[in-house]
Amino acid sequence: MNKNITKYFIIIFAYLAVLYPLWVRINTLNWHFNASLLQNLFPLFGLLAFSLLWLHSISGVFEPWLRKQINFDKFVHSTSIIILISIILHPLLLLVSLKFNFSNLFLYYGEKYIRIGVIGWLLLITYDIGKALKKYNFFAKNWNKILIISNIGFLLTFFHSLALGSDLQSGTLRIIWIFYGVTAIIAIIYTYAIKRFLKKPT
């Protein structure tokens, strides 16, 4: 019974972590089936991807314990698919809404953080490329490096979203986003540096 309660708590926590940012975004906009629809939609996929990536980062810290509570591999696999779809749709919908006019893109959102977002996106996508090609020796041998590269990309998207996200400039969601970013940095450092150092035989 206790294990079931813990499992449900984990599931509820995960849903809240992902759905709250989406709820804030959805409730601050006027929705119409016109030219503004894509502009309203594209940030949702950015929020969704980042929230799920945050869950991935903190899951790495608690992985041994989580494997006893939930189907951890299924969680990673299913959420990774959602993340991939989201990080493709997030920039694509924006570009479609701007009719692929890159001048307007930089005009509206500023060049610096757009470039940070692009670099973050390219680093993030290495995870999916590496996963698809993991059967080849090079990618299997360098899988941990690929994970580190994709996590650096994830952290870059934090600064991208915090600077450009209209819903992240003030209020509770900004505080939560900063919490997500700070805890993700700590979790990644622990998972890929401290944890591995502690595992090394003395």
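The legends below describe close-up views of a predicted model.

**View 1. The largest nonpolar core and the residues at its centre of contacts.** Trp-54, Leu-55, Phe-154 and Trp-177 are the residues that touch the most other members of the largest nonpolar core, which holds 35 residues. Two or more residues of this core come from each of H1, helix H2 (36–61), helix H4 (72–97), helix H6 (111–132), helix H8 (143–164) and helix H9 (172–199), and H2 gives the most, with ten residues. Apart from this core lies another, of seven residues, which includes Leu-93, Leu-95, Leu-98 and Leu-105.

**View 2. The surroundings of Trp-177.** When residues up to four places away in sequence are not counted, Trp-177 touches Pro-21, Leu-47, Phe-50 and Ser-51, and also Phe-158, Ser-161, Leu-162 and Leu-168.

**View 3. Arg-25, a buried arginine in helix H1.** Arg-25 is found in helix H1 and has a relative accessibility of 4%, so it counts as buried, the cut-off being under 20%. The side chain of Arg-25 makes a polar contact of 3.1 Å with the side chain of Ser-166, while a polar atom of the Arg-25 side chain lies 3.3 Å from the backbone oxygen of Gln-39. With neighbours within four places in sequence left aside, the residues in contact with Arg-25 are Gln-39, Asn-40, Pro-43, Leu-44, Leu-47, Ser-166 and Asp-167.

**View 4. A nonpolar patch on the surface that includes Leu-19.** Tyr-8, Ile-11, Ile-12, Tyr-15, Leu-16 and Leu-19 form a nonpolar surface patch, and together these residues have about 650 Å² of accessible area. Leu-19, whose place is in helix H1 (residues 2–27), has a relative accessible area of 46% and is therefore partly exposed, since that class lies between the limits of 20% and 50%.

**View 5. The two ends of helix H5.** Asn-101 caps the N-terminal end of helix H5 (residues 102–109), with a side-chain oxygen that lies 3.1 Å from the backbone nitrogen of Ser-103. Following H5 is Gly-110, which has a positive phi, near 90°.

**View 6. Gly-171 in the loop between H8 and H9.** Gly-171 lies in the loop between H8 and H9, and with 47% relative accessibility this glycine counts as partly exposed. From C-alpha to C-alpha, Gly-171 and Ile-88 are 28 Å apart in space, and in sequence the two are 83 residues apart.

Technical notes:
Residues are numbered from 1 along each chain as its sequence is written. This is a predicted model: local features need pLDDT of at least 70, side-chain atom pairs count only at pLDDT 80 or more; totals for chains, interfaces and linings use all residues. Side-chain values use heavy atoms; hydrogens and water are left out. Patches are made of residues with over 30% relative accessible area and no salt bridge: like charges are joined within 9 Å, nonpolar side chains (Val, Leu, Ile, Met, Phe, Trp, Tyr) within 5 Å. Accessible areas come from the Shrake-Rupley method with a 1.4 Å probe; for residues, only the protein chains shown count as cover. A salt bridge is a side-chain nitrogen of Lys or Arg within 4 Å of a carboxyl oxygen of Asp or Glu. Helices (H or I, at least four residues) and strands (E, at least two) are DSSP runs, numbered from the N terminus. Buried means under 20% relative accessible area, exposed over 50%, partly exposed in between (1.4 Å probe, protein chains only). A nonpolar core is a set of buried Ala, Val, Leu, Ile, Met, Phe, Trp, Tyr and Cys residues joined through side-chain atoms within 4.5 Å. Contact means heavy atoms within 4.5 Å. A polar contact is a pair of N or O atoms within 3.5 Å; within protein, one must be able to donate a hydrogen and the other to accept it, and residues adjacent in sequence count only if both atoms are side-chain atoms.
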